Amino acid sequence: MIIAETAAEVRSRVAEWKKEGLTVGLVPTMGYLHEGHASLITRAAGMCDRVVASVFVNPTQFGPGEDLETYPRDFERDCAVLEVHGCDLVFHPDVSELYPEGAATFVEILSDMPKQLCGKTRPIHFRGVCTVVCKLFNIVTPDRAFFGQKDAQQLAVIRRMVRDLCFDIEIVGCPIVRESDGLALSSRNVYLSPEERRAALVLSRAVDLGKRFYAEGETDAGRVVRAMSELISREPLAKIDYVSAVDGETMMPVEELTPGVLVAMAVYIGTTRLIDNFTVGE
Ligand code: AMP
């Protein structure tokens with residue numbers, strides 16, 4: 001596996017592959033990899049001839065007071081995980097490589113979509129995500145890029161950006177990978193104390209409850225969201241940021257659960273903010 005720190009090296013490797021007629025998949029990550037990330041690499045390796053992963057903690061998607069400085073990092077271990085799952089090149093740039101002195105150009109979706117759900121408490125988050133993903137797309141020029149359903153709003157935002165900016169890149173959404181007890185894997189789970197780790201199970205329990213309501217014929221979004229919220233509220237260590245049912249593409253609120261609707265939540269467990277979701281009918 002090649003480790004590249006500069007855009008120039010990535011470009012020249014990708015150019016060689018493309019000359020040979022090989023397809024290239026990209027998996028953007030912030031590192032501290034787990035089985036969720038590994039599933040994206042495996043999927044990319046199954047669908048593309050060569051796989052590029054990026055490991056970059058992107059400063060522009062963190063707001064003031066968020067965990068940019070403390071975000072967990074272990075690049076050596078990340079490389080081991082990437083290699084065994086079939087990654088060919090890891091792009092691990094310095095901040096100055098992607099944001100040279102004076103960088104002042106951002107990519108931002110100006111509809112209400114990035115202001116919903118996580119955008120309410122993280123107003124600059126998706127601007128940062130779009131900007132860094134756009135840079136990675138320009139450097140790697142992949143045929144396909146792989147993103148997890150765990151970050152469902154991010155996936156919807158990226159799909160919109162690709163459409164609006166005419167990128168010739170197929171976006172592949174991949175299912176949420178969970179621990180055996182249901183907790184969605186996240187690099188931020190490392191912040192949880194043993195007691196918080198137990199409390200964090202309310203998120204996946206709320207997902208299960210919402211799915212069960214729908215399976216039993218309940219299609220009133222308000223009733224399902226209320227039942228999920230009540231379940232979460234009973235956990236003393238949990239504080240709800242939001243539980244919402246939204247259109248799976250626009251992220252705008254809906255009143256009825258129909259196939260494709262996204263039911264998503266963000267919940268603080270202690271000081272750690274966790275997200276989880278399900279898509280109706282999946
Ligand atoms: P991150 O390193 O948290 O920015 O995540 C990088 C990619 O991995 C994103 O596309 C995430 O949606 C995806 N991802 C993170 N956690 C999971 C998970 N538990 N299951 C599936 N994909 C995930």
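Just after helix α3, Gly86 takes a positive phi of about 100°. The structure is a predicted model. Helix α3 covers residues 75-84 and has Asp78, Cys79, Val81 and Leu82 among its residues as buried ones.

**Helix α3**

- Which residues of α3 are buried? They are Asp78, Cys79, Val81 and Leu82.
- Seen down the axis of α3, the buried residues fall within an arc of 165°, so they line one face of the helix.
- The face turned away from this buried side carries Glu76 and Val84, which are exposed.
- What do the buried residues of α3 pack against? Their partners are β1 (2-4), α2, β3 (50-55) and β4 (89-91).
- The chain just after α3 holds Gly86, with its positive phi of about 100°.

**The ligand and its shell**

- There are 17 residues around the ligand, and those that come nearest are His37, Gly148, Asp151, Val177 and Leu185.
- The shell around the ligand divides into nine nonpolar, six polar and two charged residues.
- Three elements each supply at least two residues of this shell: β2 (24-29), α2 (35-47) and β5 (144-148).
- Which element gives the largest share of the shell? That element is α2, with three residues.

**Polar atoms facing the ligand**

- His37 has a polar side-chain atom 2.9 Å from an oxygen atom of the ligand.
- Gly148 has a backbone N or O atom that lies 2.9 Å from an oxygen atom of the ligand.
- Val177 has a polar backbone atom 2.9 Å from a nitrogen atom of the ligand.

**His37**

- His37 is found in helix α2, the element that supplies three residues to the ligand shell.
- Is His37 buried or exposed? His37 has 14% relative accessibility, and because buried means under 20% relative accessible area, His37 counts as buried.
- Leaving out residues up to four places away in sequence, His37 touches Thr29, Gly31, Tyr32 and Ser187.

**Residues other than glycine with positive phi**

- Tyr32, one of the residues that His37 touches, lies in the loop between β2 and α2.
- Phi of Tyr32 is near 55°, a positive value in a residue that is not glycine.
- With 22% relative accessibility, Tyr32 counts as partly exposed.
- Cys166 is not a glycine either, and its phi is positive at about 60°.
- Where is Cys166 found? Cys166 sits in the loop between α7 (152-164) and β6 (170-174).
- Cys166 is exposed, with a relative accessible area of 68%.

**Phe56**

- Phe56 is found in the loop between β3 and α3.
- Although in a loop, Phe56 is buried, with a relative accessible area of 7%.
- Which residues does Phe56 touch, not counting residues up to four places away in sequence? They are Thr29, Met30, Pro93, Asp94, Val95, Leu98, Tyr99 and Val132.
- Val95 is 39 residues from Phe56 along the chain, and the C-alpha atoms of the two are separated by 8.0 Å.
- Thr29 is among the residues touched by Phe56, and Thr29 is also among those touched by His37.

**Gly248**

- Gly248 has its place in the loop between β7 (238-246) and β8 (262-269).
- At 29% relative accessibility, Gly248 counts as partly exposed.
- Gly248 touches Ala156, Gly260, Val261 and Leu262, again without residues up to four places away in sequence.
- The C-alpha atoms of Gly248 and Ala215 are separated by 18 Å, and these two residues are 33 residues apart along the chain.

**Asp112**

- Asp112 lies in the loop between α4 (95-98) and α5 (118-121).
- Asp112 is partly exposed, and its relative accessible area is 40%.
- How many residues apart along the chain are Asp112 and Met251? They are 139 residues apart, and their C-alpha atoms are separated by 8.4 Å.

Terms used
Residues numbered from 1 in each chain as written. Predicted model: local features only at pLDDT ≥ 70, side-chain atom pairs only at ≥ 80, totals over all residues. Heavy atoms only, no water. Near = heavy atom within 4 Å. Polar contact = N/O pair within 3.5 Å; in protein donor to acceptor, adjacent residues only side chain to side chain. Helix = DSSP H or I, 4+ residues; strand = E, 2+ residues; numbered from the N terminus. Nonpolar A, V, L, I, M, F, W, Y, C, P; charged D, E, K, R; others polar. Buried < 20%, exposed > 50% of the residue type's maximum accessible area, 1.4 Å probe, protein only. Arc of directions from axis to C-beta. Contact = heavy atoms within 4.5 Å.
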